[in-house]
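Student: I'm new to this one. Can you walk me through a few spots?
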Amino acid sequence: MRSITTRLVAGTGIVLAIFVVLVALSVSWSVHKRAETARFDRMQGLIYGILGATDISNAATLDVNTLALPDPRLNQSTSGLYAELIGSDGTTLWQSTSTTSWVPKATVRPIGDWLFESVEKNNAYPLHRLQLATAWAFDNGEELPFIVHVVDEADSLTRQLKRFDQTLWATLLASALALLVVQLLVLRHSLRPLHDLGEQVAQIERGERDTLSEQVPAELSSTTHGLNALLRSERARHAQYRHLLDDLAHRLKTPLSVLHNLARPGVPDADIIAEQTSLMLDSIDRHVQRASIRSPRYLAPMISIEPVVMRLSASLSRLYDNPKVQFTITIENTFEVRVDEADLFEILGNVLENACKYGARHIIISQSTEQHCLIIDDDGPGFPDMDLDLLVQRGVRAD
């Protein structure tokens, strides 16, 4: 996960997912709790209404006026709302007309005690029941204890709560996805300066611009200012080196020209002096010209090594064909280094040409992925017995 945008969106997604789950659970719990309270209040009102429609007959029995019942469903068969009066000995004193199916048995409780609970019914929607244990006193001081028992299937309310939960989850998930999309757009807009900065660095690598734009947000101003200072320093150092090279070439070319002119016939080793001074002058001109025409690359782009090695090996195979030099190359095209291509040709050309020049007949060129380095192995005589650490120093030769 190398993208900052991906990291931020993933982190926001996790936070939103946790938030959605917590909000959905809390809202669902609150709504279910409120529905349960409303159901209790409604069933409690039914019990009070049934007690209001109940009277004691002359035979000291309970007489319920069905026309005065608080809910007409109590007089309808299989309406889903049932009520009954149960004596203290468990006998049924009265049942509503709707009580034609199974209802849970009432539980003997202390006088004045309420019992509200849900009861499972054959894996269907649960039944909700409420009972009140009470007692009526006669004029002679005796009491008639009984239980008012109300049962409500309430499957419609349960279905409504289930639909509410489904709607709640769907709404919150849709809102979370919409927020993620908005967050992604905001992040893309907010991180646009970083993307522009990276594009400017790529343009500098390609030599299309010299400095970074400093019209950036305050958080990036110090970075761009420091990079521009570094680029200006590198440009000044490159110009200084080129001027020093020009000065050195100018100082060397004059005495070399004098030596070259002194190599007249009759002078000992005149031909050797003329040849060597000509080579030195040509070398100075070539390097001065190279330093002048090569454009500075402050941040060289990544280039693949494999095409350079293939071209060099093909050229050296034709040059050293008697005896034939064999090249074995095992380099992936994705193996890249950040170096100027001309410098890479010069470095590898010198190393491979030395291998061919000094006796190698089989050259193996491979890569080390772990150390990110190029390995050149040949079957030449190798170096003499000496301190190999000296050979990595500039200008040191094994001979």
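Tutor: Start with a term. Helices (H or I, at least four residues) and strands (E, at least two) are DSSP runs, numbered from the N terminus. This is a predicted model, where local features need pLDDT of at least 70, side-chain atom pairs count only at pLDDT 80 or more, and totals for chains, interfaces and linings use all residues. Residues are numbered from 1 along each chain as its sequence is written, and side-chain values use heavy atoms, with hydrogens and water left out.

Student: Okay, where does Leu-8 lie?
Tutor: Leu-8 is part of helix H1, residues 4–52.

Student: What does Leu-8 contact, leaving aside neighbours within four places in sequence?
Tutor: Leu-187 and Leu-191. Contact means heavy atoms within 4.5 Å. Gln-183 is 175 residues from Leu-8 in sequence, yet their C-alpha atoms are 9.0 Å apart in space.

Student: Is Leu-8 buried or partly exposed?
Tutor: Leu-8 is partly exposed, at 37% relative accessible area. Buried means under 20%, exposed over 50%, and partly exposed in between, using a 1.4 Å probe and protein chains only.

Student: Switching to Ile-86. Which strand is it in?
Tutor: Ile-86 sits in strand E3, residues 81–87. Ile-86 is buried, with a relative accessible area of 8%. Not counting residues up to four places away in sequence, Ile-86 touches several residues, including Leu-93, Phe-146 and Ile-147.

Student: Now helices. How do H6 and H7 cross?
Tutor: Their axes come within 10 Å and cross at roughly 40°. H6 covers residues 305–319 and H7 covers 341–357. Axes are lines fitted to C-alpha atoms, for helices over the stretch in contact, and angles run from 0 to 180 degrees between N-to-C directions.

Student: What does that angle make them?
Tutor: H6 and H7 are therefore oblique to each other. Under 35 degrees counts as roughly parallel, over 145 as roughly antiparallel, 65 to 115 as roughly perpendicular, and the rest as oblique.

Student: Which residues meet there?
Tutor: From H6, Ile-305, Val-308 and Leu-312 are among them. From H7, they include Leu-344, Phe-345 and Cys-356.

Student: You mentioned Cys-356. How many disulfides does the structure hold?
Tutor: The structure holds 0 disulfides. A disulfide here is a pair of cysteine sulfur atoms within 2.5 Å.

Student: Are Cys-356 and Cys-373 buried or partly exposed?
Tutor: Cys-356 is buried, with a relative accessible area of 3%. Cys-373 counts as partly exposed, at 25%.
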